[in-house]
Amino acid sequence: MVLARVANFFSATGSKSQLVDDGREGSAFAVEHMGNMEETMGKEEVDLEAARPPYVHAMLAGGLGGTTGDMLMHSLDTVKTRQQGDPHMPPKYTSMGSTYYTIWRQEGIRRGLYGGVQPAFLGSFSGTVIFFGTYEWSKRKLIDTGVTPSVSYFVAGLIADLAAAPFYVPSEVLKTRLQLQGRYNNPYFHSGYNYKSALHAARTIVKVEGFSALFYGYKATLWRDLPFSALQFAFYEQEQKLAKSYVGSKAIGLPLEILTAASAGGMAGVLTCPLDVVKTRIQTQHNPDAPALGPEPTGKPHPHHGSATTPASSAIISNQQPLKLSTSTPPTPGKPPPHQHNRPISTSSPSTALRNHSAATLDTSSVIRGLNIIYKTEGISGWFRGVGPRFVWTSVQSGTMLVLYQTLLRWFEKHPLVSFDDSAL
């Protein structure tokens, strides 16, 4: 009888009316209890989905959580940037541990591992505040219009990152170049940049390359961050749902909070690593109009292996002294420098007369063409340069950000800055 009752419950036409009292003691209670369970589960599911904090709480919690995660993992982000933007072939920086130790020993912490931390801080806080505010707004609008939650999370992540991009892309350019150069007058690594500070970098870039240079790699950054944010929050929201269903409560505990957040960020980070490599290369490649870069090669560039050069012209980065970014005829501020579409970054050793067969010259700002060039010259491994640091970085950063986000939301719920009734719909 019990098996028949269970079969009826899961059948296509099953309903409470099919649970017929067989005369045994407690069967009527079972029918009533089953109905209460369904009602409770339905209410709990609605409550979990309808939990909507005020926007100011979400924005502050996201901003503080995201900035904390970024600052905590900035040194590892520097390691990743060095590995991805290293202009030498074979690369100077190989494994994550040796890269970290080499930079720390040669350049120190403040100007080495934490180079570019000032623009990173400003861009991170402003970007994450805008991101979480937009994410909450778009997610709610999509769900309220009948879009399924999983699709809503994915699309909301795309929209949120699109809204935040103008705030953090300029800081990303400054951060990436300062991370790649390391300390001022760095005798250990010649990246082609030599800024005294973040402010000096911003002024120099605007003066020499134009204001638009602060947005170099804008499209490449969107290509990386839009799918990353969409995948990260799609993974995270679904994992949170599974965890809450498993525990049976909104409070899933710190271990599961960390696991869901870190795994979501790590998976999204690995999947988008090729886009991150292209973004780094585009943002750190050099303007060929700068005299310090050496004379233009006279040979026509080969579509895959670079141009035929003389020993003098192949030294894109001088071994004798750091590069000074200057041009004989600076472009008008606000306009891109002449031929900005062809700003090559060499991955060959500056001391070689002929480029190594596997060295890529990224002479484009197109993400698709950049991926194609890297694949043809460096293979799949070129797409995944720095994937180890990126996986660790995105896992820890996402874990820190999202766990703090949830923790701060609970704190704001007990100590509200605004009334829940005053929050936007």
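Helices here are DSSP runs of H or I with at least four residues, numbered from the N terminus. Please keep in mind that this is a predicted model, in which local features need pLDDT of at least 70 and side-chain atom pairs count only at pLDDT 80 or more, while totals for chains, interfaces and linings use all residues. Residues are numbered from 1 along each chain as its sequence is written, and side-chain values use heavy atoms, with hydrogens and water left out.

Now to its partner: helix α10, residues 218-247, packs with α11 at an angle of about 150 degrees, their axes lying 8 Å apart, where axes are lines fitted to C-alpha atoms over the stretch in contact and angles run from 0 to 180 degrees between N-to-C directions. The two helices are therefore roughly antiparallel, a term used for angles over 145 degrees. Among the residues making the contact (heavy atoms within 4.5 Å) are Phe228, Phe235 and Tyr236 of α10, together with Leu256, Leu259 and Met267 of α11.

Finally, in the loop between α8 (149-181) and α9 (198-209) we find Asn185, whose phi is near 55 degrees, a positive value in a residue other than glycine.

How values were computed: Parallel < 35°, antiparallel > 145°, perpendicular 65-115°, else oblique.
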